[in-house]
Amino acid sequence: MPFVVSQSLESSYDVIVVGSGAGGGQAAYTLCMEGAKVLMLEAGRNYSVDAETPMFQTPDQAPLGAADTPQKPFGFYDATVDGGWYVPGEPYVNQTQEDAGRFDWWRARMLGGRTNHWGRISLRNGPYDFKPRSRDGLGFDWPIDYADLAPYYDKVELLVGVYGSNEGLENTPDSSPGCLLPPPPPQIYDLLMAQRAKRLGVPAIPAHRAVLTRQLDYRNSPARLHPGNTNAQRLIAADMRARAACLWATPCNRGCSARANYQSTTVHLPPALASGNLSITTDAMVYEVIIGRDGRASGVSFVDRTTGKQRQARARVVVLAASACETARILLNSKSASFPQGLANSSGKVGRYLMDTVGSTVTGQIPLLESLPPLNEDGADGHQLYVPWWLYGPQLQGKLGFARGYHIEYHGGRRMPGHGTATGLEWLTGGSYGAKFKRDVRRYYGSFVGFDGRGEMIPNEQSYCEIDPVTKDRFGIPVLRFHWQWSEHETRQAAHMQRTFGDIIAAMGGHTKSPIQSDGALAISPGGSIIHEVGGTIMGADPRSSVTNKDSRTWDVPNLYVADGGVFASNADKNPTLTIMALAWRLSDHILQRMRHREL
Amino acid sequence: MNRRTSIKWVIAVSAAWPHFGQAQAPEPPIPVGQGYGTDPNLMKVYHPGDCWPLTLSGPQQRTTAALADVILPADAQSPAASTIGVVAFIDEWVSAPYPRTQKDRPIILGGLAWIDAEGGRRFGKEFAALSAGQQASLCDDICDAARTGAAFSEPARFFALFRDLTAAAFYCSPVGRSDLGYIGNVARLTFEPPPADLLKKLNLP
């Protein structure tokens, strides 16, 4: 029985996986397909993609035209359950409420976690991204390099399905042949953006996203994913056949009941459950790792949210994939006589070096895109192209004033009209109303292109989380307190984003409502708002300065692993999810190997 | 006709919500049990009044309908705003328990009272009873905050917000989508490049 309630847990499992998102889903998948018995504990509720995904619902069918509220911060139809930057009964503390020093913590309390709503942007870290300190003297090198992870990037892309192209650009890796699905065709606004950006020396290439632009290769990929394991090949081939290609409609952040994009609940968990090796307990809020007399993890303690009772589960190996901050919280709350500062914290680095992505936004209005004929530009939810970081050389020579790069995501087109389609137009319409206003809305619809910079933050000593000495959540579990500070590398980067976006918009013949923000401290989005938080259990080559080793295993506890973004030693501009999955597959292989050698 | 010719604008309320409009602000939280919650059913079709009681009075609804139709009147492509549920949408909005909607509420209610009072002061009738020309002469004074003098700055703020809410309701609707020529939100087998003649017209490769 794959879904088990906490009262009917077996006496012991091979592996407990805490969390069911990208890291937990991938770890459970890999372990189960290779025969390990896994118990997955998810803090949130069970979630049915089939029954709960609002695929074609329109904003008029939702309260407030589906506008965002604090209870649904990305709009009513966003897939997130019991989540956002505010979770009822589960507070956190910020040392300061000032924007510059605040970290806002996004969580979801549902099976599959944040993978149900994420943007599906799936970029590989490049060779520079694993050795940033060697390159420019800042931050930390990872104890692995690109070559260590490349085979796992290939596997993850083959498994989940990622569209994109191989362009051979600097620090923007190509995938192995056959890994990527074809990218969707660029639309009018893409081609205009690419044409004009090129004049500025800014390249635009196909985006990489976890969306099936055609059915997965169920004939050939299974053998590449699970060589020598015919049972696993059979299971994943059957599951790949059951996933539909993209319908070219409905936003991905609602989730996809056709299973045409990646979410843990539609890609990792079904085949893992079909293997018969996965048990899942939802509403299980893990708060502590249990340590045996031998110094090894013997299981975890959790609160059953349905009864409020404290429970325990036992296993030979524990994998934490609760999200970077939640994993740090569990470790810091796992205090004992042997571990008075929290578990796996002999370095004092648990919770340290928290990073998010640098974000800044500018929207332009482009007269060339006005009054176009009706076009269906829904596609795979936009993101046909993106701009990878293009100034590695000048940056290394110190010409930019900030050390790390960013990529550009942008959005435009005649997408489904919604709450904001015809609001705030006075700067263009002169305050028109009546018949003129109707004509104006028709004219300007689809003529806006919004640019989002996504840049690297360098880890610093001032950005971290710790246990708040006072506040507890509704389960009585001590909560996190955040400290946050950007360095000039980040704020100058945000100012550079603003200038670049202004230049591209001008090159497209467009204009902006407000002047470009030249003050990077005002241009940068607050910490946590891009929802790419990583670090807190960073991996390194030295147990005195890192929490986990090159295999994502904690230095202090030989059978305790971290499979979420916590282990990131740097936070490249590339969105972290694909790397989380590649690392989780890699650590799962490591666990399996040690189990076969009877080390675990 | 002895009507009130001015109202006191309740601005102090808005100052209480410094993070208005910023989705990332975690404070102030909504008390549990209010609003539609953090786990609403996404599959059902909602109507104004389903999640919280509506609060506009009959006269307020009448003025809302009249002003919405001045902002989005019927034309050859689509009907007038009030015929497709815009009044109920605005009622739902100003009755909702969220920081942003609670900030908007006094602006809308104050503005509706003002525009009726101003109609009375100028023409001896409430707004809905004015002729089209009279309504336009009033709206022309407040439709563009950038051109409005100090005397009309708060009414102009109301008008901009009211126009935004009217437009939000209208263009969220099937009628609005059709008016804009939106042809998506349908399952398709393929996603095509743009038409060649359009690319040529725009000098795109």
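1. Confidence. The model is predicted and scores ipTM 0.95 and pTM 0.95. For chain B the mean pLDDT is 86, with 84% of its residues at 70 or more. Residues 1-33 of chain B have pLDDT below 50, and beyond near neighbours in sequence this stretch has 45 contacts in the model. Placement of residues 1-33 of chain B should be read with that pLDDT, below 50, in mind.

2. Overall form of chain A. Chain A contains 17 helices and 20 strands. Its radius of gyration is 23 Å, close to the 25 Å given by the globule rule for 600 residues, so chain A is as compact as a globular protein of that length. The C-alpha trace of chain A spans about 75 × 50 × 45 Å along its principal axes.

3. Burial and contact range in chain A. Of the 600 residues in chain A, 62% are buried. Among contacts in chain A with a separation of 6 or more, 74% are between residues 24 or more positions apart.

4. Domains of chain A. The domain assignment gives two entries for chain A, each built from several segments: domain 1 takes 1-50, 108-147, 241-357 and 533-600, while domain 2 takes 184-206, 358-455 and 487-523. Taken over C-alpha atoms, the centres of domain 1 and domain 2 of chain A are 35 Å apart. Where they touch, eleven residues of domain 1 of chain A are in contact with 16 residues of domain 2 of chain A. The domain 1 side of this contact in chain A has seven nonpolar, two polar and two charged residues.

5. Helix 15 of chain A. This helix covers residues 488-507 of chain A. Helix 15 of chain A is mostly covered, with 15 of its 20 residues buried. After helix 15 of chain A comes Gly509(A), which has a positive phi near 80°.

6. Overall form of chain B. Chain B has eight helices and zero strands, and along the sequence its pattern reads α-α-α-α-α-α-α-α. Buried residues account for 38% of the 205 residues in chain B. Of the contacts in chain B between residues at least 6 apart in sequence, 64% join residues at least 24 apart.

7. Helix 3 of chain B. Helix 3 (residues 86-95) of chain B is mostly covered, with eight of its ten residues buried. The buried positions are Val86(B), Val87(B), Phe89(B), Ile90(B), Asp91(B), Glu92(B), Trp93(B) and Val94(B). These buried residues pack against three helices of chain B: helix 2 (58-71), helix 4 (99-123) and helix 6 (153-172).

8. Interface between the chains. In the model, 65 residues of chain A are in contact with 61 residues of chain B. Helix 6 (188-199) and helix 14 (435-444) of chain A each supply at least two residues of the side of chain A that touches chain B. The largest share of that side, five residues, comes from helix 14 of chain A. By class, the side of chain A that touches chain B has 34 nonpolar, 20 polar and eleven charged residues.

Methods
Residues are numbered from 1 along each chain as its sequence is written. Chains are lettered from A and ligands numbered from 1 in the order in which they are written. This is a predicted model: local features need pLDDT of at least 70, side-chain atom pairs count only at pLDDT 80 or more; totals for chains, interfaces and linings use all residues. Two residues are in contact if their C-beta atoms, placed from the backbone, lie within 7 Å. Helices (H or I, at least four residues) and strands (E, at least two) are DSSP runs, numbered from the N terminus. Ala, Val, Leu, Ile, Met, Phe, Trp, Tyr, Cys and Pro count as nonpolar, Asp, Glu, Lys and Arg as charged, and the others, Gly among them, as polar. Domain bounds come from an automatic or database domain assignment. The radius of gyration is taken over C-alpha atoms; the globule rule is 2.2 Å times the number of residues to the power 0.38. A residue is buried if 20 or more other C-beta atoms lie within 10 Å of its own, exposed if 12 or fewer, and partly exposed in between; C-beta atoms are placed from the backbone. pLDDT is the predictor's confidence in each residue, from 0 to 100. The expected span of a helix is 1.5 Å times one less than its number of residues.
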